[in-house]
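Dear colleague,

I am passing on the structure below, together with some notes on what turned up when I went through it. Please have it open beside you as you read.

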Amino acid sequence: MNNFKKGILFAALFSSLFFIGCSNDDDDDDLIGNWIKKSAFDGPARSSATSFVIGDYAYIATGYTGDVYLKDLWAYNSNGDYWEQKADFTGVGRSSASSFALNEKGYVGLGYDGTNKLKDFYQYDPTSNSWTQKTDFAGTGRYGALGFQVGGKAYFGTGYDGNYLKDFYQYNDQANTWTLVNGFSGNKRRNATVFVIGDKAYLGTGINNGTYQEDFWEFDPSTDTWTRKRDIDKDDDDDESFNDDYALVRANASSFAMNGLGYLVGGESIKTVWEYNPSTDLWVERTPMEGVTRTDAVGFAINNRGFYMLGRIGSTYFDDAWEFKPLDEQNDDDN
């Protein structure tokens with residue numbers, strides 16, 4: 001190849017790389033939303049913690065440091081942006097537990113202690129800063145399950161007990177009893193995520209036999225019914241009108257809801273963020289998480305403010321905390 005041809009080839013390659021780089025930057029610039037670093041978690045860095053929200057506080061309990069299964073409890077004050085340590089969880093230390101808040105109390109159960117899949121269940125009273133053991137979960141011991149409260153009713157469901165699961169149980173805090181209720185008709189799974197908008201819960205993602213799940217469900221507690229919404233995979237064969245650009249399937253993601261919209265954040269080797277509008281059943285991509293990509297993090301909303309924190313990548317565990325502003329432009333100077 002003579003020098004002239006080499007020059008043309010080099011120029012072409014350089015131009016291609018230049019335009020690819022510009023294209024990626026443009027794609028990022030098109031996304032709206034800003035992540036702001038908040039007060040770092042005061043406890044040990046960890047993954048697979050669980051959380052519930054009562055009033056202006058989010059409570060984070062349990063988790064795994066890579067060496068120790070934890071039983072500590074921390075409260076995050078969203079107004080003051082600071083942490084307070086509370087009474088230790090009185091069950092054994094564990095990871096991948098599930099939780100919900102119901103009638104101004106928090107509840108934590110299930111999980112994995114390094115040997116056993118657990119089904120014990122505890123109530124936290126923030127007024128007395130004390131824990132009380134309640135009736136064991138009525139299903140099998142498991143981890144990677146979902147816990148949520150919607151419409152004044154609280155549930156545990158899905159997870160892994162040696163088998164992938166999709167059963168759901170409702171907890172009655174007045175009678176201290178569990179009742180098997182209707183599950184959805186999709187695949188069994190673990191490490192899915194759920195967020196609540198108004199009086200409906202929305203369930204998606206997770207993994208079953210090594211496959212990320214593509215179905216997405218709406219749950220109405222008033223009728224105890226699950227309704228399948230549009231799939232969240234990139235396959236446009238089922239609906240060419242909307243989802244050929246989607247890349248939502250994942251496991252170990254986190255989620256929260258604010259201002260009538262749901263947000264799906266992170267997961268295994270993923271830091272993308274997607275916003276769900278229940279009135280259109282459509283998703284819009286937002287600015288990716290600005291911290292390190294992570295899995296097994298915690299996500300929650302307090303008074304229509306969304307937070308994402310903790311988690312791990314490989315054997316590195318995190319104690320950082322972030323807030324997401326979905327309508328702001330991305331700004332590198334606030335993190």
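**Strand pairing**

Strand β1 and strand β28 (residues 321-325) run antiparallel and are joined by 5 bridges. Please keep in mind throughout that this is a predicted model. Within this pair, Lys-37 stands opposite Trp-322 in β28, and strand β1 itself (residues 34-38) is mostly covered, with 4 of its 5 residues buried.

Elsewhere there is an open sheet of 4 strands, paired antiparallel in the order β14-β15-β18-β19. The edges of this sheet are formed by β14 (193-197) and β19 (225-228), and because each has a single partner strand, one side of each is left without a neighbour in the sheet. On average, and with direction ignored, neighbouring strands of this sheet are turned by 25 degrees against each other. Strand β15 (residues 200-204) is joined to strand β18 (residues 216-220) by 4 bridges, the two running antiparallel, and here Gly-204 stands opposite Phe-216 in β18.

**Two residues with positive phi**

Asn-209, which is not a glycine, has a positive phi of about 50 degrees, and it lies in the loop between β16 (207-208) and β17 (211-212). Asp-281 likewise has a positive phi, near 60 degrees, in a residue other than glycine, and it is found in the loop between β22 (273-277) and β23 (282-286).

**Two contact sites**

Ser-95 is found in the loop between β5 (82-86) and β6 (98-102), and with a relative accessible area of 7% it is buried. Which residues is Ser-95 in contact with, leaving aside its neighbours within four places in sequence? They are Ser-48, Gly-63, Tyr-64, Tyr-69, Gly-111 and Tyr-112.

Gly-299, for its part, lies in strand β24 (residues 298-302). When its neighbours within four places in sequence are left aside, Gly-299 is in contact with Ser-51, Ser-254, Ser-255, Phe-256, Phe-307 and Tyr-308. The C-alpha atom of Gly-299 is separated by 9.1 Å from that of Leu-310, a residue 11 residues apart from it along the chain.

With best regards

Conventions: Residues are numbered from 1 along each chain as its sequence is written. This is a predicted model: local features need pLDDT of at least 70, side-chain atom pairs count only at pLDDT 80 or more; totals for chains, interfaces and linings use all residues. Side-chain values use heavy atoms; hydrogens and water are left out. Buried means under 20% relative accessible area, exposed over 50%, partly exposed in between (1.4 Å probe, protein chains only). Contact means heavy atoms within 4.5 Å. Two strands pair if DSSP finds at least two bridges between them. Axes are lines fitted to C-alpha atoms, for helices over the stretch in contact, and angles run from 0 to 180 degrees between N-to-C directions.
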